[in-house]
Amino acid sequence: MIVNPVEKWTGRVLLVLVLVLTVIPLLNMVSAALQPADVNPTGLAWPTNPQWGNFVEAFNTGHVWELLGSSALIVLGVVPISLVIASLAGYALGSLRMKGSRALLILFVLGLTIPFEALIIPLYYEMQSLNVLNTQWAIILPLIGLFMPFSVFWMRAHFVGVPTELSEAARVDGAGMWQELRLIHLPLARPALSALGILLFLWTWNQFLLPVVLIADPLQRTVAGALTFFQGQYSLSIPLLNAGALIIILPTILVFVIFQRQFIRALIQGAVKG
């Protein structure tokens, strides 16, 4: 396919523009975090005497180490379970073509339209009835359900694009449904599963509203709640707030940088199938 030079350069300019708009706020946060704690930063300016100790103070003040462990526990509970359920449901809806699959798919799509905030109060009473309120399970269970419509829709889109000839050949060779899923479909679904896992990790790690509502102990919430520890003594310290925010978003940036190939591969794979 021949690409029009105008379209080519337009695309590059837009990418550069998006890159600049993304990097400038991060650079602004870094410059603000390195200012003295009692200074109110204005604009993007590198300090003459960078205060790297702000990151240490923010780490200790925000109890980041304890919250990292709590967030890791919640992520380990949400992501693997969500991937397993979404893979099985996506395989059933996309490959087995079970009866009523279209109606179920519409139901999952409707689940994407429900405002997240509208479910907070029902979720609170539901977790209270399950006796898991103020525990990490009060976050894990709702997030699995809230992420499931998108997860199933994502995995179904992959399984629909797998050629039916592969399944037919496996059945001719005597493979059962579980063998077909384990030996053929799941290996082909690795890019889609990797991309979905990255998205679920980012959404879970950055979750703030549910932990604040469903968990009373701040140290059992996600790491995004670390900024609440700056209320009071450090509420007016913009440098410490920026240092804490940078510490919180660092793991998400690292995860995306490490697994960006798998994520892009899944998106390209979906685009080619579409």
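Into which domains is the protein divided? In this predicted model, residues 3-49 make up domain 1 and residues 60-269 make up domain 2. If you take the C-alpha centres of domain 1 and domain 2, they sit 29 Å apart. Where the two domains meet, domain 1 puts 11 residues into the contact and domain 2 puts in 9.

Let's look at that interface. Between them, domain 1 and domain 2 bury about 720 Å², and 78% of that area is on carbon and sulfur atoms. On the domain 1 side, the residues that lose the most area to domain 2 are M29, A33 and A37, which together account for 57% of what that side buries.

What about polar or charged pairings across the boundary? The tally of salt bridges between domain 1 and domain 2 comes to 0. The count of residue pairs in polar contact between the two domains, with both residues at pLDDT 80 or more, is 0 as well. As for the make-up of the domain 1 side that touches domain 2, you get 9 nonpolar residues, 2 polar ones and no charged ones.

You'll find S87 in helix α3, which runs over residues 64-94. Is S87 buried or exposed? S87 has a relative accessible area of 7%, so it counts as buried, the cut-off for that label being under 20%. Leaving out residues up to four places away in sequence, the neighbours that S87 touches are M155, F159, L186 and L193.

Key. Residues are numbered from 1 along each chain as its sequence is written. This is a predicted model: local features need pLDDT of at least 70, side-chain atom pairs count only at pLDDT 80 or more; totals for chains, interfaces and linings use all residues. Side-chain values use heavy atoms; hydrogens and water are left out. Domain bounds come from an automatic or database domain assignment. Contact means heavy atoms within 4.5 Å. Buried area is the accessible area (1.4 Å probe) that two parts lose on being put together, summed over both. A salt bridge is a side-chain nitrogen of Lys or Arg within 4 Å of a carboxyl oxygen of Asp or Glu. A polar contact is a pair of N or O atoms within 3.5 Å; within protein, one must be able to donate a hydrogen and the other to accept it, and residues adjacent in sequence count only if both atoms are side-chain atoms. Ala, Val, Leu, Ile, Met, Phe, Trp, Tyr, Cys and Pro count as nonpolar, Asp, Glu, Lys and Arg as charged, and the others, Gly among them, as polar. Helices (H or I, at least four residues) and strands (E, at least two) are DSSP runs, numbered from the N terminus. Buried means under 20% relative accessible area, exposed over 50%, partly exposed in between (1.4 Å probe, protein chains only).
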